[in-house]
Amino acid sequence: MKYLLMIYGNDEVFSSFAPEVFEALVRDTNALQAELRESGEWLAAYGVADQVMAKTVTVKGGDTVVTDGPYIEAKEYLGSFDIIDVDSLERALEIAARVPWAKYGEVEVRPLMAEAGDDM
Amino acid sequence: MTAAGPERVEDLLRELAPRVLGALVRRYGHFDACEDAVQEALLAAASQWTSTALPDRPKAWLVTVASRRLTDELRRDEARRRREDAFATATAPEVPDHEDTLTLLFLCTHPSLSLPSQIALTLRAVGGLTTAEIARAFFVPEATMAQRISRAKQTIKVSGASFDRPPDIERSNRLGAVLHVLYLIFNEGYIASSGESLQRVELADEAIRLARLVRALLPDDGEVAGLLALMLLTDARRAARTGSGGELIPLAEQDRSRWNRGRIGEGVALVSDALQHTALGPYQLQAAIAAVHDEAATADDTDWHEIVGLYQLLELMAPNPMVTLNHAVAVAMVNGPDAGLVLLRPLDDDPRMRTHHRLFAVRAHLLEMAGHDADAVTAYKDAARRTTSVQEKRYLDARASRLLSNRAFNSLAP
């Protein structure tokens, strides 16, 4: 089963970190990713650029319209994500709990859809 | 000697792969290093045999080439670490191939490995598939699959599992693990097989091939026969289970003329023979249920009484919530939807099933049968929101909207 782990950032918490806390966070995050690569459960991981870099695209009447944003008012925003392929939901939750950021913020776990379907 | 076609070579290599690996591991130990060496030998053979010619003794050719790679590798290793036991087992007695293949299957499904690792390792070490093929089949990057396989081999090494037959007392559990892995490989292939996945190694075919192999090794085992029969009887419906747009077609609406009669005949014969001559088991029962469906000329001809009886036995032998769900459907077909709905009730107390899409889907279906359209629509939508299959979601949403438009139409009627 493939899962998306969405890691929500929070600038207020983030900017309050002492340098050594920040370093530990980066180190632990890299260590977890290395471990998942090694176990063959890791598919992808990316940090997402800041909201000021966001653009929104729509096509109206054949014309492409690009706007800046959205800038969502919420304090929490998507900071990074991992895609993993694991044995069970339990394993996905276990990995989510080991994301170092989970001690400070939230990690949302969502199954990814597959094309295949079970028999009716 | 003439060069052989690539397909012929591939079939031959896949057939020889576990036998060559078994011979090597028996002779040298070092399952992980042997497995790498055999993969290299298979790749070398795939290119050489198609461009020049098949050797007179293909298996001996592969054993020689793989042994050479292995000893090179082990010597490098030895120079590094001065391992003196590398060739300690080099004079192991000759053992028939089939014993080795079985031992290999037990090793690949060793309890220290996670299920995804067991599946990957079985396909590579016994199935002779390349890492790239396995990665494609499971829609993961090749690097991920390579890591999964190498980690699995490492785990086996660390666990100290040896290349020996498991003791008789463990054997039936360990065989159960082998069959479970083959069942999962089949399912993965079967549910994903639609017109668009031509690129994919046919995992369902591969699972059937491996089940045939195990059957040849253990011809008297009723559950091996049962599993092979279940695969054949299910696979017989493959062409009819999806429409031209890849949409799922439920059993009752499938065009039965597109079912594969050869597969059905073979499956029915296998399961009938197993039921008569061996101890009863869950795979045989599931195969028997599939056989009842496959032998019905039309959906209306299905012998639901027989199916209910088989599910009752299955619930006794191997109770699980999915069996209960299917049992409820069968009971509904015999005694009406309300009787089926009653059977679903206990599943509401099961924390895993309570929110499972299959429970909502079956309940929706029974509610629709009972004429409770509004509740059925809600249940279909609940199911559609919870499935992680695109095709299934489409199907469930379509059922919901069909019911809704029927209701709108009926409310217009005088």
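A: In this predicted model, helices α10 and α11 of chain B are roughly antiparallel to each other (over 145 degrees; under 35 would be roughly parallel, 65 to 115 roughly perpendicular and the rest oblique), because they pack at an angle of about 155 degrees, with their axes 8 Å apart. The axes are lines fitted to C-alpha atoms, for helices over the stretch in contact, and the angles run from 0 to 180 degrees between N-to-C directions. Helix α11(B) covers residues 261–277, and the crossing of α10(B) and α11(B) is left-handed, that is, the near helix is turned anticlockwise from the far one by less than a right angle (clockwise for right-handed). On the α10(B) side the contact (C-beta atoms, placed from the backbone, within 7 Å) is made by G222(B), A225(B), G226(B), L228(B), A229(B), L232(B), L233(B) and D235(B), and these meet R263(B), I264(B), E266(B), G267(B), L270(B), V271(B), D273(B) and A274(B) of α11(B). By class, this contact has 9 nonpolar, 3 polar and 4 charged residues, where Ala, Val, Leu, Ile, Met, Phe, Trp, Tyr, Cys and Pro count as nonpolar, Asp, Glu, Lys and Arg as charged, and the others, Gly among them, as polar.

Helix α10(B), residues 222–235, also packs against α9(B), residues 203–217, with axes that come within 9 Å and cross at roughly 155 degrees; α9(B) is therefore roughly antiparallel to α10(B). Here too the crossing is left-handed. From α9(B), A204(B), A207(B), I208(B), A211(B), R212(B), V214(B) and R215(B) meet V224(B), A225(B), L227(B), L228(B), M231(B), L232(B) and D235(B) of α10(B), and this contact has 11 nonpolar, no polar and 3 charged residues. A225(B), L228(B), L232(B) and D235(B) take part in the contact with α9(B) and also in that with α11(B).

Around these helices, chain B has 18 helices and 0 strands, helices being DSSP runs of H or I of at least four residues and strands runs of E of at least two, numbered from the N terminus. The C-alpha trace of chain B spans about 90 × 45 × 40 Å along its principal axes, and 42% of its 414 residues are buried (20 or more other C-beta atoms within 10 Å; exposed is 12 or fewer, partly exposed in between, with C-beta atoms placed from the backbone). Of the contacts in chain B between residues at least 6 apart in sequence, 62% join residues at least 24 apart. Elsewhere in the chain, L13(B) lies in α1(B), residues 6–28, and is partly exposed, with 19 other C-beta atoms within 10 Å; not counting residues up to four places away in sequence, L13(B) touches L42(B), A45(B), A46(B) and G128(B).

Beyond chain B lies its contact with chain A, in which 21 residues of chain B are in contact with 17 of chain A. The largest share of the chain A side, 3 residues, comes from α2(A), and that side divides into 8 nonpolar, 3 polar and 6 charged residues.

Residues are numbered from 1 along each chain as its sequence is written, while chains are lettered from A, and ligands numbered from 1, in the order in which they are written. Local features need pLDDT of at least 70 and side-chain atom pairs count only at pLDDT 80 or more, whereas totals for chains, interfaces and linings use all residues.

Definitions and conventions
Two residues are in contact if their C-beta atoms, placed from the backbone, lie within 7 Å.
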